Amino acid sequence: MALQGQEEIEDQIEEPEDFQEQDVSISPAEELPIGPEEEDSDPVLLPWDRFSAWLHCICVVGFDLELGQAVEVIYPHHSKLTEKEKTSICYLSFPDSNSGCLGDTQFCFRFRQASSRKSSLGCFLDHFDREAPVCLKRDQGHYYGYVYFRQVRDKSLKRGYFQKSLVLISKLPYVTFFHSLLKLIAPEYFEKQEPCLEAACNDIDRWSTPYPGKILTLPIMGVVMKVRIPACYDKPGTSQLVQSAQNDSLVSIVLPTIHEVDLFRCFCPVFFHIQMLWELVLLGEALVVMAPSPAESSDTVLALVSCISPLRYCSDFRPYFTIHDNEFKEYTTRTQAPPSVILGVTNPFFAKTLQHWPHIIRIGDMKQAGEMAKQMKVKKLKNLKTLDSKPGVYSAYKPFLNRDEDIIKQLQKGIQQKRPSAAQNAILRRYFLELTQSFIIPLERYVASLMPLQKTISPWKSPPQLRPFSQEEFMKSLEKAGPQLTSRLKGDWIGLYRQFLKCPNFDGWFRSRRKEMTQKLEALHLEALCEEDLQLRVQKHTEVEIVDLVLKLKDKLAQAEREQLPVKPGTVAKLQTHIESVILSLPEDLQGILHKPATP
């Protein structure tokens, strides 16, 4: 997230008088043709590599009277899951028995990846991650499971019900996209079984890879989906419209977003507390969402995680968590403070097990987006006895910021005027974006000041270091360049910042920014070397010193390629030419040694 100029910030934060006259989706995406020429630019891909860029595997989980839940099919058949991962998938793919989910239900979960696993596609997939927004990067330590669960009466079965889940396992947090994909695959699978699964997987293995910034047309099961993968350079808060084109006669489904959930629908039951919930998520507080079904649980957890976007939520979160989860004991122990995690649960047992947690959100049956929760006060934790307790927020937390009454009035007015749900959702998403930007911009501005001046970069010295982050220095900068420049909200902003600087979200954000800035310094150092006359430089040195210089320059080039340093176009090629000319000035025996490829 780059630092924005004040004029751009004010322009972005300006409140429209009438939202209905405002375009929710602002700038159309530039469509890039996905054809043979583009596909050739990918590295050489083996069978199933394209599939693996989207999914790890597809699982079918059924119910056996003797064994309980069991993984019946894994496709492609060569896909590997550890026994621990299979167990997690089994228990997380079915709703708790108390949920009473008859018919078809969709939800998602997230579980830890086995630590021993390494992907052979690591470097290839990292290539896409560099261009992705922070909230859409691949999850390095976890898998997502996207579930389509069917439960229907069947008298021919002993249990009296047909119960089965089709589950997509992926590293990608594209919740809207994968749920849409499941709606196409799952009903066909339940009717035609495994041949249908094989056909779907073969279709996916012919897809273009999910490169950020591109509009993709993805054929699946006789249908064509059209999507755009967001990129890190997109302006926050704008939707890059996927527009219809003349050759779109075969396109059946156009998805406006691949990952966003309906914030307004999710937060309706606890509507008056949205600002407090934003603070709790921002500060990485331990939160549990108690909901009647996995669909409502997972949607609400994903809504909470996304409400601080474009800031990445860096703690653990589990959209659907059960008593069989591998981390159950770790997360429910009373011997230590609850961890920084957001859990979504449906089992009534958790009302007792987690009643010592500091912040509990109780969600009733999801209302229609047009209805508004009436309860306004935050309830005391001691009043939460069972999962049957009334919907609301149970917490002793005192927010740092005063409540923004304007957003509540704006959305209430929308309900009275029967404003479309999509517009209500857009208003709420914009509100959270502006709140997060007002909070993060002073941090961005201060961290940018830690960067050394460009004139201090010498080609013949190591790149200068970033100045260390000073909490007190940052707090002092807030007096003139704090959130008051972009937000009308009053309250204890200083207290909120002090608490934020202690939490995992700050640590994750600062590590990312420090890495970006360090790479920028390395890139500037490389560019400075390019401008030097190396031939003139080496005339003053011995052969041993020249060989040492060549080896160091080769290391710099290898680093630039490995880390994809943000250098100007042509920099690497220019430096390679310089190095080659220096090598040719050496005796032939040394030339032969220096021309040998480096051993990995």
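Mentor: Axes are lines fitted to C-alpha atoms, for helices over the stretch in contact, and angles run from 0 to 180 degrees between N-to-C directions. Helices (H or I, at least four residues) and strands (E, at least two) are DSSP runs, numbered from the N terminus. This is a predicted model, in which local features need pLDDT of at least 70, side-chain atom pairs count only at pLDDT 80 or more, and totals for chains, interfaces and linings use all residues. Residues are numbered from 1 along each chain as its sequence is written, and side-chain values use heavy atoms, with hydrogens and water left out.

Trainee: At what angle do helix 9 and helix 14 cross?

Mentor: The axes of helix 9 (residues 274-282) and helix 14 (residues 421-448) cross at roughly 50° and come within 12 Å. Helix 9 is therefore oblique to helix 14; angles under 35 degrees count as roughly parallel, over 145 as roughly antiparallel, 65 to 115 as roughly perpendicular and the rest as oblique.

Trainee: Which residues of helix 9 and helix 14 meet?

Mentor: Contact means heavy atoms within 4.5 Å. Ile274, Gln275, Trp278 and Leu282 of helix 9 meet residues of helix 14 including Tyr431, Phe432 and Phe439.

Trainee: What is the strand order of the open sheet?

Mentor: Strands of a sheet pair through backbone hydrogen bonds, either parallel or antiparallel. Two strands pair if DSSP finds at least two bridges between them. Here five strands follow the order 2-1-5-4-3 with antiparallel pairing. The edge strands, strand 2 (68-75) and strand 3 (103-112), each pair on one side only. Strand 3 and strand 4 (residues 142-153) pair over 10 bridges, and Phe107 stands opposite Val147 in strand 4.
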